[in-house]
Amino acid sequence: MNKYSEIFGLDISKDVFDVYGSETGHDQFKNDEKGFVKFIKGLPESVLVVMEATGYYHYRLAQFLYKSGVFVSVVNPLSVKRFIQMKLAKVKTDKSDSKAICEYGQMNDVPLYTALNEVQSECLQLFRLLDSYIKYRTASKNKLHGEETLGIPSKFVYRSLKRNVKHLQKEITAIEERLLDLVKQEQRHQLTLLKSIPGMGVKTALFLIVVTDGFKKFETASQLCSYVGITPTIRKSGSSVRGRSRISKVGNKKLRNLLFLCAFSACKYNKACREIYERLVGKGKSKKLALIAVANKLLKQAFAIAKSGLPYCENHVSVLPK
C-alpha cells in the first residue's frame, strides 16, 4: 500500500511543466514562480512529486517544493526512459511523459530529494562552469597547435588564441580556488581525509564531498557505488546468453569520469588498488575493466575514511566499515 495520498509525475521544459496526478489526471503550469505557487495551492497533503533530473529546468521547482514541505523525488531520466520502453509505449508527448513518470513513482521505491544549501548550489555551478572552460581551453589549444602546424599564416589569429588560452587558464585557476575555499568552510577535515588517499585528486575529493553532502546521503559504500554507476551489471540468460559484464553507467557521469582518471594514479601509489589491478590483469581481464575495479575500490576507500573520520592507513583501510 502506498504511503502517499497521491503521486504526481512532472515533465519539465523551459517554459512549462506538465503534471499528471494518479488521482487527478493531467494539468499544465508555467515554469516560473507564479506557476510554482499555483501548482502547490492545489496539492492535497502527503503527496509525492516525482520529476526527472533535467539539468537547469528541474532545479528551481525541486528546491521550491522541498522548502514548501512537499515530498519530492528527482529520478534519473535514463531509468524513466527504460521504464517507458519496457511498456512499449507508441506515443511520446509531454502529457504522456508526465503520466509515465507518475507510474514510475507508483511502481518504484524512489529516493526523496534533499535541497541543496547555498554552498552546495554554488559549488555545483562552479563545477559546471569549470567543465565548460576546460573544454573550451582544450579546443583553443588544439586550434593553436593547428596554426603552428600551418606555419602561423595569420599572426593576429595566433596571438588571439594565445590570449584566449591565457585568459581561460586564469579563470580556471580562480574557479578552482573558489571551490577549495567553499568546501573548506564546512568540510575542511573531510577534505584533508580524502586527500590522504593515494591516487585521490583534489578535484575529485571536492566533487565527492559536494554531491554526497559530506557522505550524509549514503548509508553504505554499495549505495554510493550504485549512485556513481560503477557497479557491474551481469548479462546472462539460460545456456546461450553469456554477455560481458559491464558497469551500469546509470549514475553520476562526471564523478565516474573523475574516479576513472584517479584510477591511473591509484594503480601506482595505492597498494590495495594496485593489487586489484595486477590481479585482474594477471587473470587476463582487460586493462579498462581493471581500472574500473580500481575506481570502485577507490570510492569504497573514500567512503570508509569519510565515515570513520580517520586518515588513510595502508594496513588498516581494508577493515574500515563498508
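Which helix holds both Lys 143 and Glu 147, and how many residues apart are they? Select helix H5: both residues lie there, four apart, about one turn of the helix. Helices (H or I, at least four residues) and strands (E, at least two) are DSSP runs numbered from the N terminus.

Before moving on, note that this is a predicted model, in which local features need pLDDT of at least 70, side-chain atom pairs count only at pLDDT 80 or more, and totals for chains, interfaces and linings use all residues. Residues are numbered from 1 along each chain as its sequence is written, and side-chain values use heavy atoms, leaving out hydrogens and water.

Show the side chains of Lys 143 and Glu 147: they form a salt bridge, with the closest N and O atoms 3.4 Å apart. The term requires a side-chain nitrogen of Lys or Arg within 4 Å of a carboxyl oxygen of Asp or Glu. Glu 147 is buried at 8% relative accessible area, while Lys 143 is partly exposed at 44% (buried is under 20%, exposed over 50%, partly exposed in between; 1.4 Å probe, protein chains only).

Next, select Arg 178 and Glu 122, a salt bridge at 2.9 Å, N to O. Arg 178 sits in helix H6 (residues 155–195) and Glu 122 in helix H5 (residues 118–149), 56 residues apart.

Then go to Arg 60 and Glu 33, whose side chains meet in a salt bridge at 3.5 Å, N to O. This pair links helix H2 (residues 59–67) to helix H1 (residues 33–41).

Finally, colour by pLDDT, the predictor's confidence in each residue from 0 to 100. The protein's mean is 86; strand E4 (residues 47–52) is highest at 95, and strand E8 (residues 241–242) lowest at 43.
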